[in-house]
Amino acid sequence: MNTPVPPTGALLVEAAADDLALSLREAFARLDSMLDGRLVLPGEPDWDAASTAWNLDVDQRPAAVVIARSAADVARTIELAGRYGLAVAPQGTGHNAGPLAADHGLADAILVRTHELRDVHVDVERRVARVEAGALWGDVVAAVAPHGLAALAGSSHDVGVVGYTLGGGVSWLARSHGLAANQVLAVELVTADGRHRRVDEEHDPDLFWAVRGGGGDFGVVTAMEFRLFPIAEVVAGMLLWPVERADEVAQAWAEWTRTVPDSVQSVVRILHLPPLPELPPFLSGRSIVVVEAVVLEASDRADALLAPLRALAPELDTMHPQAPAELLALHMDPPGPVPGRGDGMTLRELTPAAVRAFVGAVGAGSETAMMTTEIRHLGGMIEPDAAVQRAADLGLPTPGATAGFDAGYLLYSGAMAMPGADEAIARSLGRLLSAMEPWRAEQEYLNFAEHRREPERIFGGREGRLARLRAIKRAVDPTRLIRSNHPVG
């Protein structure tokens with residue numbers, strides 16, 4: 001089903017009765033007068049606020065910014081961009097904006113910010129949420145939690161739902177429930193031809209396949225519907241040790257991950273925390289190793305599963321039964337925008353040698369500039385074949401472009417981008433990624449790829465997937481008007 005948007009191209013040029021083309025600035029002014037939202041140009045008072053990404057280290061310099069308030073705003077912007085040879089780059093929060101803005105990649109683009117489109121509607125009976133393009137996971141969790149429902153949310157309240165899901169979406173429940181993209185039932189988006197489409201398994205099935213894990217290269221998403229789950233309680237928290245025990249803890253954790261059921265999701269992290277007054281005294285200025293875990297089991301079963309880690313006598317143990325809503329705070333992500341540098345990779349396996357390489361690169365005595373480095377356990381319903389089989393068993397839509405990952409673990413490392421730290425961060429990150437290269441898996445995770453990658457690294461691997469994505473891109477956007485942080489072409 002396609003929803004028509006009122007034609008606007010004629011309105012943009014109707015004043016030019018003598019058939020003289022409007023200048024771009026005149027066209028921008030005319031577009032601004034037609035928007036439900038607003039258009040912001042370089043040099044205007046609110047330019048910095050309009051053009052700044054969540055990652056404050058990224059310097060975005062688009063030709064203009066449209067703060068969209070409706071799907072019609074998106075369609076009008078796309079029509080103007082096509083008429084004047086500009087691109088359109090959709091963005092909610094800008095968490096992974098680095099690849100998009102690199103090498104002045106937005107200089108010829110209108111940045112369409114969707115952060116004011118925040119409506120969340122919950123169909124409790126169907127266990128389905130419909131969210132607008134700018135909704136954050138904090139918005140969704142607040143709306144679904146009172147009904148005893150849970151979403152496959154990101155690790156922080158201010159992660160954007162749409163961008164996270166377009167890239168796949170690895171949640172705290174992924175090993176038991178699969179990627180967030182696999183739970184999507186419908187996507188509403190405006191494509192390069194200005195059409196507002198609602199795509200699902202029966203309507204534009206190829207496009208529906210592409211946007212579930214294929215990234216934001218196919219249109220500007222205005223809304224999305226996805227499944228929710230009746231989960232009232234999980235057992236979750238963290239176990240903490242001094243960083244000097246990182247090898248012992250990480251080796252034990254790696255061995256433990258090879259035995260736990262799909263109901264257990266966990267991550268091992270090495271953190272070098274600055275002496276900040278907002279941190280608790282036992283964390284401020286310290287280097288530590290932690291294991292964060294979420295166990296979708298009853299308390300007694302969770303205790304039995306956690307016993308091997310607790311046998312290592314952690315300094316702190318916060319594991320306890322809690323509502324899924326509390327998981328937004330588990331990973332201790334920054335509460336708001338920060339200047340950051342980082343990157344990630346997937347790992348085929350985590351052998352004892354791989355653990356030693358990890359600890360050697362970022363553990364005690366490494367003099368690393370990276371503040372946080374983590375390895376997440378994948379597998380379970382994150383395996384592509386398992387995800388496809390689960391969908392078939394439950395009669396759900398077949399997973400899309402990214403059904404899962406042919407990898408056992410997911411690595412990410414990040415640092416605060418402080419003045420004068422560029423060289424140290426680049427050296428530390430390069431040393432880590434080089435150390436882990438022998439265990440690198442073939443397919444990368446789009447949401448953790450903070451630098452530009454060849455499309456084959458993200459969308460290759462499974463036979464024919466990248467070719468199919470490129471064919472769909474050519475069909476819906478032959479002139480590559482829509483620009484994303486990780487394009488398929």
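## Nonpolar cores

The largest nonpolar core of this predicted model has 55 residues; such a core is a set of buried Ala, Val, Leu, Ile, Met, Phe, Trp, Tyr and Cys residues joined through side-chain atoms within 4.5 Å, where buried means under 20% relative accessible area with a 1.4 Å probe, protein chains only. V131, W137, V140, F218 and F226 have the most contacts inside it. Helix α9 (residues 205–211) gives the most to this core, with five residues; helices (H or I, at least four residues) and strands (E, at least two) are DSSP runs numbered from the N terminus.

Leaving aside residues up to four places away in sequence, F226 touches R127, V128, A129, V131, W137, V140, A151, V161, Q183, V184 and L185, contact meaning heavy atoms within 4.5 Å. Another core, of 46 residues, lies apart from the largest one and includes I270, L312, I425 and L432.

## The open sheet

Four strands form an open sheet in the order β2-β3-β5-β4, with mixed pairing; two strands pair if DSSP finds at least two bridges between them. Because β2 (38–40) and β4 (87–91) each have a single partner strand, one side of each is left without a neighbour in the sheet.

β4 and β5 (residues 109–113) run parallel and are joined by five bridges, with V88 opposite I110 in β5.

## Basis of the values

Residues are numbered from 1 along each chain as its sequence is written, and side-chain values use heavy atoms, leaving out hydrogens and water. As this is a predicted model, local features need pLDDT of at least 70 and side-chain atom pairs count only at pLDDT 80 or more, while totals for chains, interfaces and linings use all residues.

Note on methods
Buried < 20%, exposed > 50% of the residue type's maximum accessible area, 1.4 Å probe, protein only.
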